[in-house]
Amino acid sequence: MGAIVLIALLLASCAGPAGKTTLIVYSPHGKELLTEFEKRFEAANPNIDVRWLDMGSQDALDRVRSEKANPQADIWWGAPSTMFSSAEKEGLLDPYKPSWSDKVDPDAHSRNDGWYGTFQTPEVIAYNSTALKREQVPKDWDDLIDPKWRGKFIIRDPLASGTMRAIYSAAILRKMGSDGDPKPGYEWLRKLDANTKEYSVNQTIMMQKLGREEAVLTLWNMPDIELQKTQYNFPLDYVIPKSGTPVLTDAIAIVKGTKHRKESETFYEFVNTEESLIFAAHQFYRIPSRKDIPADRLPEWMRNLDIPKLEMNWDLVEAKSQEWMEYWDSYIRGTSASP
């Protein structure tokens, strides 16, 4: 209800302050990044008033779906590409081919220009670096379900989080045989559930509890952990699973039915300029999807990343992740809750 009221307030004046055009952005990128990009964009485009709503990736998709008949957002910025692909098939996105369309890999954009990748997001095993030494930390996926970690994990609630849905989907794919049966993956997730103390309602709570050692391990994305440990001095660090990890393409799209098409295109272009991506890399540890960003202008840690990619059938993830998550929620979550 709170989010609905907030949107109503945001839309109370479509003209915006002093005759400006109001541009509504749905995004999971967090208030720090969104606030900075709002300021930078409005400085370059003083006739546009950006108003954003920070929410989980799944929440953003659900809201765009529910508002199909009367779209409220202009831009959806941020979520795994599988979610954008689903939205595109449902007729929720307005195709746009940006000026930098040839600067991303073929698998980092829709074939029909429904969405384009903005960031690449590797998933990692994160830990409290005060409570654990690096040599103590699980090094690969199957190490996570060792009973010695019972009650040591805090995990972002997967139902609202595109990051966690992707990680859990990867867990199912890892265990899936040629018959396509997800049951071995479900059993793996049941063992992880046994080691999980809590599923947090948002990323902020998860980071705070991890920092306070209420739990010492989590699964999350590399850029956010880099941000928390470097910029905010949280006692966090991470390891990349040695057998490979999912690398998500985080995307952007124009919502079909926007009444501000021109302003939406301007925002789409602005947040993906070379300067904007370099800024996001340094300030928010985001790895750009564009391949033409000079390496010497990126943070040193980002210049020569050697991340073993876990092979992912993203088409299957797109088709089945909702079914998998509904099963997890109904039959696995909390069934082996730690004392």
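How many of the nine residues of helix α8 (residues 222–230) are buried? Seven are, so the helix is largely enclosed by the rest of the structure. The model is predicted.

## Helix α8

The buried residues in α8 are M222, P223, D224, I225, E226, L227 and Q228. Burial here means under 20% relative accessible area.

N221 caps the N-terminal end of α8. One of its side-chain oxygens lies 2.9 Å from the backbone nitrogen of D224. D224 is itself among the buried residues of the helix.

## Packing of α5 and α6

Helix α5 spans residues 162–175, and helix α6 spans residues 183–194. Their axes are 7 Å apart and meet at an angle of about 130 degrees. The two helices are therefore oblique to each other. Their crossing is right-handed.

On the α5 side, the contact is made by Y168, A171, I172, R174 and K175. On the α6 side, P184, G185, Y186, W188, L189 and L192 take part. By class, the contact has eight nonpolar, one polar and two charged residues.

## The site around H29

H29 sits in the loop between β1 (21–27) and α2 (31–44). Its relative accessibility is 5%, so H29 counts as buried. The cut-off for buried is under 20%.

The side chain of H29 makes a polar contact with the side chain of D250, at 3.4 Å. Neighbours within four places in sequence aside, H29 is in contact with L34, D54, W77, G78, F119, D250 and R286.

Methods. Residues numbered from 1 in each chain as written. Predicted model: local features only at pLDDT ≥ 70, side-chain atom pairs only at ≥ 80, totals over all residues. Heavy atoms only, no water. Buried < 20%, exposed > 50% of the residue type's maximum accessible area, 1.4 Å probe, protein only. Helix = DSSP H or I, 4+ residues; strand = E, 2+ residues; numbered from the N terminus. Polar contact = N/O pair within 3.5 Å; in protein donor to acceptor, adjacent residues only side chain to side chain. Axes fitted to C-alpha atoms, helices over the stretch in contact; angles between N-to-C directions. Parallel < 35°, antiparallel > 145°, perpendicular 65-115°, else oblique. Left-handed = near helix turned anticlockwise from the far one by under 90°. Contact = heavy atoms within 4.5 Å. Nonpolar A, V, L, I, M, F, W, Y, C, P; charged D, E, K, R; others polar.
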